[in-house]
Amino acid sequence: MLTRLLKASVLTSFAFFSLNATQFDVQAQKDKKELVKYFEAKFQDPYKNKNTFFPYSPEEELKDGYEKGLKHMDFGIGSYSYAKDAKEQYEAIKEFPPYEDKIEDGEELYTKEFANGNSLKTCFPDPTIGGDYPYFDTNRKEVISLTTAINECLESNNEKKWNAKKGKMATFQAFLAYSTAEVQKKMNIKIPTKEAQEAYERGKEYYYTQRGYLKLSCATCHIQGAGQRVRNEKLSPLLGQITHFPVYRLKWGGLGTLERRMSGCVKDQGQVPPKNDSKQMHELLYFMAYMSNDMPIDGPDVRK
């Protein structure tokens with residue numbers, strides 16, 4: 001009898017803890033659901049939706065230049081999901097991806113011993129962690145990005161920090177992303193506490209707030225403007241926006257981290273970007289990552 005009571009007590013406590021641990025992402029789940037609904041409606045048929053979503057786009061392009069009937073997971077490849085001409089080029093490049101050798105280089109960095117005998121593998125024994133970052137550290141009460149976690153590992157082993165935007169950092173992250181994609185893991189961002197919920201909300205606020213002399217926000221381009229043409233490219237959607245990093249950009253001629261891309265994008269908006277390891281950058285990435293929850297990791301990848 002006592003054993004049954006103890007078991008019942010444990011199960012009740014566990015159920016309460018589980019409920020309590022997930023209550024903090026209720027609003028975030030609603031946000032993601034509405035975002036998916038918005039993009040599926042927008043790209044159900046761009047031509048038929050022209051008055052609602054594409055009032056200034058050429059009718060001929062809307063008829064023939066866009067894929068139709070897109071669903072949630074389709075957006076994982078960004079603007080290539082709906083831009084027919086760009087998708088053809090993308091698929092051709094993916095036949096012989098320019099970052100392929102960097103994956104092996106990243107694996108070498110993973111196992112290379114530090115002066116003290118440890119390695120990156122000591123800090124990250126499981127390399128299939130591409131969908132777990134950024135995460136909210138409940139002890140430190142702050143968001144930790146993958147880039148910051150890697151540099152903290154290096155520093156704790158008396159090694160020099162890496163450039164947060166490219167070089168060894170991007171190469172090592174390419175190996176982690178590839179390892180994660182190989183086992184078909186998905187984005188898995190948690191909001192475990194009230195503090196984490198507040199960090200998420202601050203990241204969301206940054207994404208939607210107009211700044212700079214152009215008075216633009218991230219959402220201006222990647223939600224309202226997603227699919228619209230700027231020069232020769234169609235703007236990418238928030239959905240799936242970070243599942244493929246690090247990326248090899250043809251413009252860069254090499255691999256770059258998510259921080260590199262975000263800094264460049266914010267600068268293009270006429271703003272001063274947050275520092276790579278700042279609270280503001282971490283919380284912005286935290287919001288973006290949650291919006292891609294449940295989408296497969298498919299990095300590293302290539303973009304123009």
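**Pockets and cavities**

The largest pocket has a volume of about 1100 Å³. This is a predicted model, in which local features need pLDDT of at least 70 and side-chain atom pairs count only at pLDDT 80 or more, while totals for chains, interfaces and linings use all residues. Residues are numbered from 1 along each chain as its sequence is written, and side-chain values use heavy atoms, with hydrogens and water left out.

As to terms, on a 1 Å grid over the protein atoms alone, a cavity is a set of points where a 1.4 Å probe fits but cannot get out; a pocket is an open set with protein on both sides within 12 Å along at least five of seven lines; lining residues have an atom within 4 Å of a point. Points are joined across faces, edges and corners, and a volume is the space filled by probe spheres set on them.

The lining of the largest pocket comprises 41 residues, with His222, Leu235, Arg249, Arg261 and Cys265 nearest the centre. The second largest pocket holds about 170 Å³, and Phe114, Trp162 and Lys168 are among its lining residues.

How many cavities of 30 Å³ or more are there? The count is two. The largest cavity, of about 250 Å³, is lined by 17 residues, of which Gly130, Tyr133, Leu146, Gln173 and Leu258 lie nearest its centre. For the second largest cavity the volume is about 40 Å³, and its lining consists of Tyr80, Ala86, Tyr90, Ile93, Leu250, Val302, Arg303 and Lys304.
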